[in-house]
Amino acid sequence: MYELGALAAIDEWLRREGFGTVNDFDVYVGTSAGSFVATILAAGMPARTAYRAVVEEDASMMPARRTDIYRFDARQGLGIALDLAGVLGSAVKRSLGERRLLGIGELVGDLVDALPAGIFSLRHYERYLDRFLRHHGLPTRFSEVPRSLFITANDLDSGHRAVFGDGALADVPLATAICASSAFPLFFEPVRWDGRDYVDGAVGKVAHADLALRRGASLVLIVNPLVPLKHDPRRGSVPTPVRSVLREARHIRDKGLLGVFSQASKMSTRTKLHQGIRRYQAAWPDARLLLVEPRDEEADHFLRNPMSMESRRQMIEYGYRSTVSLLERDGASWRVAFAREQATALPTVAAAGNASGA
């Protein structure tokens, strides 16, 4: 949601400065949640339209409901039950054969493989995305998109990056590609396509600007919503729904296991992103990379419940306001960068996603 708010602000700035819109870029690269944003922009949907649909909760825009994204699939439950039965049956057989009771540690070790591949299935989200694209008259396959669009994911079995919209994955359904790029491990089960399993595009390599740079882009706009919170426990608490009932959350650890995991993941993501940007800048010294991301001390907006529609609205509004402030501060350097692109007519890219966004 941050990406969409940021892009709405950038779109307004581009229009005001006479540089076109965020729908006029030559190449779009989407990663994780940013893959949806990159797709609708490459397909031609105005950023402001999508922004207002979330903020104003416009039903005609067909906004996603919580159950369109976070839904436990009955198919998963059946699979878990069958796996558990198989594990328990095997344990009983081994126990009888060895004439001893199995230890708790052995039994737990066997049961681990019976856990689901993810808490939620993205099958329902995939169907929603397909309906959304058709509802708005947008393309449903890469070959129909008027601009170059690439969506990144990771092949779970090979451990390598997969690029939807290129090579063997050149014409995968857009809804499938978006889900594959958004399948964050533990939360969502991997997305299977043509016999391969894919997980979130930001799990391995984070910065994917090379996909645009190798195609001649000299100006790359990167929107990264994932930054760790710079929090001082002496100066305040962190948002948590249990604060008033159980305790005041003075430290990030007070948000529990997922709070710790989220902060650690953002630390890793941001480090890899900034390292990647430095490598790209060294490899393509004539290219200009513009990075938009939240300020460390304002990242508490992202500690709120992502399943809450109200939290999503607050994040998109924050993305808009913070980017307006950034452009007021750095507008002069942006003006020079975009003016250079107009003069040279070189390709401009919007790289969108967890560690890149357009």
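**Figure 1. The largest nonpolar core of the predicted model.** This core has 66 residues, and I10, L149, F164, W334 and F338 touch the most other members. Helix 1 (residues 2-17) supplies the largest share of the core, nine residues. Another core, of 18 residues, lies apart from this one and includes F150, V163, A217 and I277. L149, in the 66-residue core, is in contact with Y28, A38, T39, A42, F142, F164, G165 and L174, leaving aside neighbours within four places in sequence.

**Figure 2. Helix 1, residues 2-17.** Twelve of the 16 residues of helix 1 are buried, so the helix is largely enclosed by the rest of the structure. The buried set consists of Y2, E3, L4, G5, A6, L7, A8, A9, I10, D11, W13 and L14. At 1.5 Å a residue, helix 1 should span 22 Å, and the 23 Å between its end C-alpha atoms agrees with this. G18 follows the helix and has a positive phi, near 80 degrees. An α-helix has 3.6 residues a turn, so residues three or four places apart point the same way.

**Figure 3. Helix 2, residues 34-43.** Ten of the ten residues of helix 2 are buried, so this helix is largely enclosed by the rest of the structure. They are G34, S35, F36, V37, A38, T39, I40, L41, A42 and A43. Among them, A38, T39 and A42 are in contact with L149. Just after helix 2 comes G44, with a positive phi of about 110 degrees.

**Figure 4. S35 and its surroundings.** S35 lies in helix 2 and is buried, with a relative accessible area of 0%. Neighbours within four places in sequence aside, S35 is in contact with G30, I151, I178, S181 and S182. The C-alpha atoms of S35 and A175 are separated by 9.8 Å, although the two residues are 140 apart along the chain. The side chain of S35 also reaches the backbone oxygen of S32 at 2.6 Å. S32 lies in the loop between strand 1 (27-31) and helix 2. With a relative accessible area of 6%, S32 is buried. S32 is not a glycine, yet has a positive phi of about 55 degrees.

**Figure 5. The hairpin of strand 3 and strand 4.** Strand 3 (residues 148-155) and strand 4 (residues 161-164) pair in the antiparallel sense over four bridges. Five residues lie between the two strands, and G159 in the turn has a positive phi of about 75 degrees. I151 stands opposite F164 in strand 4. I151 is also one of the contacts of S35, while F164 is in contact with L149. F150 and V163 belong to the core of 18 residues, whereas L149 and F164 belong to the core of 66 residues.

**Figure 6. S121 between strand 2 and helix 7.** S121 is located in the loop between strand 2 (118-120) and helix 7 (123-135). S121 counts as buried because its relative accessibility is 1%, and the cut-off is under 20%. A polar atom of the S121 side chain lies 3.1 Å from the backbone nitrogen of R123. The S121 side chain also makes a polar contact with the side chain of E189, at 3.3 Å.

**Figure 7. T140 between helix 7 and strand 3.** T140 sits in the loop between helix 7 and strand 3. Its relative accessible area is 14%, and T140 is buried. Not counting residues up to four places away in sequence, T140 touches D130, L133, R134, P173 and L174. L174 is also in contact with L149.

**Figure 8. D194 between strand 6 and strand 7.** D194 is found in the loop between strand 6 (191-193) and strand 7 (196-199). At 71% relative accessibility, D194 counts as exposed. Phi of D194 is positive, near 55 degrees, in a residue other than glycine.

**Figure 9. The whole chain, for orientation.** The chain has eleven helices and ten strands. Of its 358 residues, 49% are buried. Among contacts between residues at least 6 apart in sequence, 72% join residues at least 24 apart. The accessible surface comes to about 17,200 Å², and carbon and sulfur atoms account for 55% of that surface.

Conventions
Residues numbered from 1 in each chain as written. Predicted model: local features only at pLDDT ≥ 70, side-chain atom pairs only at ≥ 80, totals over all residues. Heavy atoms only, no water. Buried < 20%, exposed > 50% of the residue type's maximum accessible area, 1.4 Å probe, protein only. Contact = heavy atoms within 4.5 Å. Areas by Shrake-Rupley, 256 points an atom, 1.4 Å probe, with all protein chains shown as cover. Polar contact = N/O pair within 3.5 Å; in protein donor to acceptor, adjacent residues only side chain to side chain. Pairing = 2+ DSSP bridges. Core = buried A, V, L, I, M, F, W, Y, C linked by side-chain atoms within 4.5 Å. Expected span 1.5 Å × (residues − 1).
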